[in-house]
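The model comes first, then the pairs.

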Amino acid sequence: MSTGLSADRFKPDFGEMLKVLRKEKPSRPVLFELFMNGPVYELMTGRKAPAGDLEFLKMSVDAFRAGGYDYTSVHAPGFGFRASARRNLKTVTLNEGFVITGWESFEKYEWDDPDAAGYDMLDKLAEYMPDGMKLMIMGPGGVLENVITLMGYDNLCYALYEEPELVRAVADGVGSRLLRYYENAAERDSVGMVMSNDDWGFKTQTFLSVRHMREYIFPWHKKICQAAHKAGKPVVLHSCGYAGEVFEDIIEDMGYDGKHSYEDIIMPVEECYDRWGGRIALMGGIDVDFLIRSDVAEIKKRCRAMLDRAEAKGAYALGSGNSIPEYIPYEKYLAMLECAWERR
């Protein structure tokens, strides 16, 4: 298999992504991916991954550009929500690594300062990116994800009834710091859009009841959306799991411009587009399992059909349902991209 795609094949134009997020029809297909992975970046650029955060991010810029994307996903280093080490990083449990078990441990927890994150990395990348390209700023996980990390999922579920004020304190501690992180990042001219990445649920329901999601989690997402919009930047929600009961919250209350992460076993992106397309931009959606199990011809057939489906009203960007992990064969990932390339 040949490696390395020409970085000059496509001229990035973030304005096309803005059309999608404004629920308009772009002038050509727009590609979206939360992130790929190191080996894919190497294959797309034809060079080995370098050491150092900045050099690796420069490589990701080149990989995104070579793939025909109008942006690069990035996060500002040096800020997160520290918990205990997990034994297994590939397959994890939501009940391991927690550090807050009550008020005493909450008071002792040392929060990272979002004002001290490495935003200068964004400025350095701005000098490297080609004209027309922007950054998509991601967070170190989202509100609910980090509350679960800090408390443990089972402990959180018990605390909702036994220590609800502790849950509120942890959610507010996480949410307020994430909000400040996004406020700082969204001010950069190099940042074109905000990605609020926060997994919310299982195949059939949200991790917490809808009532609890609305009480503890959603208010912070609304504030993040407001902060992005105040800075003049669109904001996309990445959230895995079933969201059917809260899609109206996502659109009408929180005010997200785009929604990402779809699984066929939950609700295929085609069905989501028919239900909510035009009210919110749908990003990606070609199921990761489908990409792995299907042959190239099946992948191209589905991707072309999805582009045809969105031809009239737009508000869609082609990409996977989640991200591009190492175990997706490279030629199948390229098959998806080629469906956008052939229409340019």
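## Asp 274 and Arg 309

In this predicted model, Asp 274 pairs with Arg 309 in a salt bridge (a side-chain nitrogen of Lys or Arg within 4 Å of a carboxyl oxygen of Asp or Glu). Their closest N and O atoms are 2.9 Å apart. Asp 274 sits in helix H11 (residues 269-276) and Arg 309 in helix H13, so the bridge ties together parts 35 residues apart in sequence. Helices (H or I, at least four residues) and strands (E, at least two) are DSSP runs, numbered from the N terminus.

Asp 274 is partly exposed at 49% relative accessibility. Arg 309 is partly exposed too, at 38%. Buried means under 20% relative accessible area, exposed over 50%, and partly exposed in between (1.4 Å probe, protein chains only).

The whole structure holds 26 salt bridges.

## Glu 311 and Lys 25

Glu 311 bridges to Lys 25, with 3.0 Å between the closest N and O atoms. The two are 286 residues apart. Glu 311 lies in the loop between helix H13 (296-309) and strand S7 (316-317). Lys 25 lies in the loop between helix H1 (14-21) and helix H2 (38-45).

## Glu 55 and Lys 58

Glu 55 bridges to Lys 58 at 3.6 Å between the closest N and O atoms. Both belong to helix H3 (residues 53-67), about one helical turn apart. Glu 55 is partly exposed at 37%, whereas Lys 58 is buried at 19%.

## Basis

Residues are numbered from 1 along each chain as its sequence is written, and side-chain values use heavy atoms, without hydrogens and water. Local features need pLDDT of at least 70, side-chain atom pairs count only at pLDDT 80 or more, and totals for chains, interfaces and linings use all residues.
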